[in-house]
Amino acid sequence: MKLISQGSLHAAFAFGELTVVSLRDGYVDMPPTRLRDEHGCTLDHVPASVPLADGNLRLSVNAFLVTDGTKSVLIDTGASNAWHPTMGYLMDALAEAGIAREDITDVAITHKHEDHVNGLIAPDGSQAFPRLRRVWIGTGDSDVFTGRLEPLRDRVVPITDRVAINEHVTAVPAPGHTPGHTIYEVRSSAGLLIAWGDTVHVPTVQFEQPTVSWELDDEQPQARRSRLAILDRLAAPDYFVAGAHLDSPGIGHVIRNGTGYTLEYVTPLTT
Ligand SMILES: [Zn+2]
């Protein structure tokens, strides 16, 4: 994973024969009371080492583009103008990275929440990707294509099981955060990258304490099992994680550390 270019809204990496581009949609602040222990209770305390912004956790919101130069898959789309104004910069991030909206034919959604799916419609109300052919999404989440997203419904490809999007990218159901939560495996000669959506929301807490869940995990025991299984798998040489809410650009190595894990980011972080 070698850095090719970086700006305030993007970082592009060579990953074997592929290019992986992290795209920064923005950030969202959430209260630490959303963190939950194994009994579903709020945590007694958040470790003093966890940075807070005005008392809130600051979650980066990232999307990722995977391309072999011909075929591209965009994983998640940010929030556009449909949530908080600290998000909605995906179009600017693509422009900064030199990626044309018209070149994106396949979008792979990790799950139906606003900060992942709403960017299919640009802030100006236009369809963000005029040549979009397929929107991949877990079947349990495909009911989100109503209202604002209704015009895209005819391009939805529901994911029911492990399925290849192309020769590099494979969708794998990982339910818990939502019923249709899906991770995407990206294989190249340089290893395996897993774009894991919302498997972890607060990296400064949940790598060290991977049993800690998030209030917005629909099925917390199932989300916990998914998280533990994915972390266990990722702690291997030549494996990388790309996380929607890991600190931008959100790509790193997972290292086993006692009963938990450590995340080693691949580049300096944007705050
Ligand atoms: Zn999210």
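The largest nonpolar core in this predicted model takes in 74 residues. Val 20, Leu 23, Phe 64, Val 66, Ile 75, Ala 108 and Ala 195 are the ones with the most contacts inside that core. Strand 5 is the top contributor, giving seven residues to the core. As general background, nonpolar side chains in soluble globular proteins tend to be buried together.

**Strand 5 and its neighbours**

- On one pairing, strand 5 goes with strand 3 (residues 18-30), running antiparallel over eleven bridges.
- If you want a spot to look at in that pairing, take Arg 24, whose bridge partner in strand 5 is Asn 62.
- Strand 5 also pairs with strand 6 (residues 72-75), again antiparallel, this time through four bridges.
- Val 66 has Val 73 as its bridge partner in strand 6.
- Strands 5 and 6 make a hairpin with four residues between them, and Gly 69 in that turn has a positive phi of about 95°.

**Val 66 up close**

- Val 66 is among the residues with the most contacts inside the largest core.
- Leaving out residues up to four places away in sequence, Val 66 touches Leu 18, Val 20, Ser 72, Val 73, Ile 75, His 168, Val 169 and Val 186.
- Two of those contacts, Val 20 and Ile 75, are also on the list of residues with the most contacts inside the core.

- Seven strands build an open sheet with mixed pairing, in the order 10-11-12-13-15-16-17.
- Strand 10 (163-164) and strand 17 (260-265) sit at the edges with a single partner strand each, so each has one side left without a neighbour in the sheet.
- Strand 12 (residues 182-188) and strand 13 (residues 191-195) run antiparallel and are joined by five bridges; here Ser 188 stands opposite Gly 191 in strand 13.
- Strand 15 (residues 239-242) pairs with strand 16 (residues 251-257) over two bridges, in the antiparallel sense; Val 241 faces Gly 252 of strand 16 as its opposite number.

**The hairpin at the sheet edge**

- Strand 16 and strand 17 are antiparallel too, with six bridges between them.
- Asn 257 stands opposite Gly 260 in strand 17.
- These two strands form a hairpin with two residues between them, and the turn holds Gly 258, which has a positive phi of about 65°.

Conventions
Residues numbered from 1 in each chain as written. Predicted model: local features only at pLDDT ≥ 70, side-chain atom pairs only at ≥ 80, totals over all residues. Pairing = 2+ DSSP bridges. Core = buried A, V, L, I, M, F, W, Y, C linked by C-beta atoms within 7 Å. Buried ≥ 20, exposed ≤ 12 C-beta atoms within 10 Å, placed from the backbone. Contact = placed C-beta atoms within 7 Å.
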